[in-house]
Amino acid sequence: ETLFRAAVAAAHPSTCLPPLLPSPPTGRIVLLAAGKAAGSMAQTAEDVYLNRFKLPADRLTGVAVARHGYAKPTRVIETIEAGHPIPDAAGLKAAEKALRLAESAGADDLVLVLMSGGASANWIAPAEGLSFADKQAVTRALLRSGATIGEINTVRKHLSRIKGGRLARRAYPARLTTIAISDVPKDDPSAIGSGPTVPDP
C-alpha cells in the first residue's frame with residue numbers, strides 16, 4: 001500500500017506539473033484541460049501562473065472538463081463535469097468551448113493543453129455529418145468490441161473535429177504546448193485522449 005500511495009503521489013498534478021509548465025507568453029494563456037485529472041491539472045496550473053508567476057487574472061482563460069465527480073475548484077478557469085466512458089451533452093459543450101477558445105488565440109498567446117486519461121470521452125465533437133447520438137453509439141460498440149484502446153482511439157480520431165491534431169490546427173498561429181499524464185501503453189502522445197494536438201500517424 002505504501003508503494004501504491006508513493007506512485008500515485010508522484011503522478012499527481014500538484015507534484016509533476018509545476019516543473020513542466022512553460023513561462024507565460026507576452027499575450028494570454030488559453031488553458032484547455034480534459035480527462036479525469038483535468039480538474040487537478042487546471043487547479044495546479046492556475047495556482048502556478050496566478051501565484052508564482054503573478055500573471056494578471058485577465059491574461060488567463062480556459063476550460064477544464066473532467067469526469068463527473070472529478071472537478072476541482074478554480075478561480076479563473078471554467079470547470080465542467082462530463083460523462084465517461086460514454087460521452088454526454090456536457091462533454092459536447094466542453095469541446096465546443098475548447099475549440100472556440102483555441103480559435104481565439106493569437107500569435108502572442110500560449111495555448112496550454114493538459115491531457116489525462118478519459119479525455120477522449122470528455123471532449124466530444126462529432127465530425128461534420130455525424131450526430132451526437134452517432135458518436136455515442138459508436139463509442140458503445142467500440143467498448144464492447146474487444147478492440148485495444150489504441151484501435152478505439154484511431155476510430156474516434158476520424159469521427160471528430162477535435163481529436164487527431166484538429167485542436168492544434170484551430171489554435172494556429174498561437175504557440176501550443178501539450179502536457180499529458182499518460183494512461184496508455186508506451187505513452188504514445190497521439191493515443192492519449194486521441195491526440196487532440198497530435199496528428200494521427
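This is a predicted model: local features need pLDDT of at least 70, side-chain atom pairs count only at pLDDT 80 or more; totals for chains, interfaces and linings use all residues.

The chain carries 24 positive and 18 negative side chains, and the centres of the two sets lie 1 Å apart. Here Lys and Arg count as positive and Asp and Glu as negative, with His and the chain ends not counted; each charge is placed at NZ of Lys, CZ of Arg, CG of Asp or CD of Glu.

Residues are numbered from 1 along each chain as its sequence is written, and side-chain values use heavy atoms, without hydrogens and water.

As to overall form, there are 8 helices and 5 strands, taken as DSSP runs (H or I, at least four residues; E, at least two) and numbered from the N terminus. The C-alpha trace spans about 50 × 45 × 30 Å along its principal axes. Buried residues, those under 20% relative accessible area with a 1.4 Å probe and protein chains only, make up 47% of the 201 residues.

Now the backbone. Most peptide bonds are trans, and most residues other than glycine have a negative phi. The bond from His84 to Pro85 is cis, with omega near 5 degrees, and Pro85 sits in the loop between strand S3 (78-82) and helix H4 (89-104). The bond from Tyr172 to Pro173 is also cis, with omega near 15 degrees; Pro173 lies between helix H8 (166-171) and strand S5 (175-180).

Finally, Ser194, in the segment after S5, has a positive phi near 60 degrees and is buried, with a relative accessible area of 0%.

Methods. Buried means under 20% relative accessible area, exposed over 50%, partly exposed in between (1.4 Å probe, protein chains only).
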